[in-house]
Amino acid sequence: MHEPGPDTAGERSLRLVCFAHAGAGTSAFRRWDTLLAGTARPEARPLPGREARRREPRVTTRQALLADLHDLFSPQPADPYVLYGHSLGGLIAYTLTRALHAAGLPLPALLAVGACPPPGDAGELISAAEAPDHELLRVLEKFEAVPKDTVPGDVWHRLVLPVLRDDLRLAADLHAAALAPATGGPVPLPLLAVGGSTDALAPTETMRGWRAFTDGRFVHRTLPGGHFFLRDDDLPRLLGRACRIVGRSVRP
């Protein structure tokens, strides 16, 4: 993604590091450069096994994930930044924040999670990670995660379904680690939880459960739409406002 110039106040906008939902890559945030211009600098992070990294082995464990994100573990204070993760990406953002804290390294100024049930509320989708294809597809269809025009054996089933399954395996491992005393627990920074008004996977009351995972300020917001509300304009605009507010508080 390109890097927009300074905002209207003459200050450099914050970096917004983004992680997508299961099966997705950087294309999930393709319009955010334009929507966030002047308020935040989006940096979408692709996991192995998709898009430009499609030939790399996919990660299915917390250990492998953190090894892949090694460049974010810097002992030197970086410019202030915000983490946002959508669905599986929310668990990734939380896991990264917990690992940075455990290592005594600089933390993001804000952790934002969207459409992501908190640890301890894994739900039907994650439990289907090891189910036969027909059962996994039934659960994915329930949450509108299967394109309506797909048929068995087509490109989606051959290329996307295996990625989704491995991403659910990763989600299951991250959920388990988030509930373990050594690797889970609250983070010492503000946490923003965003849900979709018609999201069956992470409804409003479920998203409020993230309150238990921060020792800092907790803010909950609900936006119009279902599980994939990140495709609309409301979410990046909300995050842009959050980045500007947080940016004022962390700059001298």
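Me: A cavity is a set of grid points where a 1.4 Å probe fits but cannot get out. How many Å³ of space lie in the largest cavity here?

Reply: Rolling a probe the size of a water molecule over the atoms shows where empty space is left. In this structure, which is a predicted model, one cavity of 30 Å³ or more is found, and the space in the largest cavity comes to about 60 Å³.

Me: Which classes of residue line the largest cavity?

Reply: Its lining has seven nonpolar, two polar and three charged residues, and among the residues that line it are F19, H21, R45, R50, I92 and D167.

Me: Which residues touch the most other members of the largest nonpolar core?

Reply: In soluble globular proteins, nonpolar side chains tend to be buried together. Here the largest nonpolar core holds 50 residues, and F19, I92, L111 and W210 touch the most other members. Among the elements that each supply at least two residues of this core are β1 (14-19), α3 (88-102), β4 (110-114) and α6 (155-178), with the largest share, eight residues, coming from α6. Another core, of 30 residues, lies apart from it and includes F29, V194, L230 and V246.

Me: Is F228 buried or exposed?

Reply: Residues under 20% relative accessible area are called buried, and F228, with a relative accessible area of 17%, is therefore buried. F228 lies in the loop between β6 (218-223) and α8 (234-250), and, not counting residues up to four places away in sequence, F228 touches H21, H86, F143, E144 and A145.

Methods. Residues are numbered from 1 along each chain as its sequence is written. This is a predicted model: local features need pLDDT of at least 70, side-chain atom pairs count only at pLDDT 80 or more; totals for chains, interfaces and linings use all residues. Side-chain values use heavy atoms; hydrogens and water are left out. A nonpolar core is a set of buried Ala, Val, Leu, Ile, Met, Phe, Trp, Tyr and Cys residues joined through side-chain atoms within 4.5 Å. Buried means under 20% relative accessible area, exposed over 50%, partly exposed in between (1.4 Å probe, protein chains only). Helices (H or I, at least four residues) and strands (E, at least two) are DSSP runs, numbered from the N terminus. Contact means heavy atoms within 4.5 Å. On a 1 Å grid over the protein atoms alone, a cavity is a set of points where a 1.4 Å probe fits but cannot get out, and a pocket is an open set with protein on both sides within 12 Å along at least five of seven lines; lining residues have an atom within 4 Å of a point. Grid points are joined across faces, edges and corners, and a volume is the space filled by probe spheres set on the points. Ala, Val, Leu, Ile, Met, Phe, Trp, Tyr, Cys and Pro count as nonpolar, Asp, Glu, Lys and Arg as charged, and the others, Gly among them, as polar.
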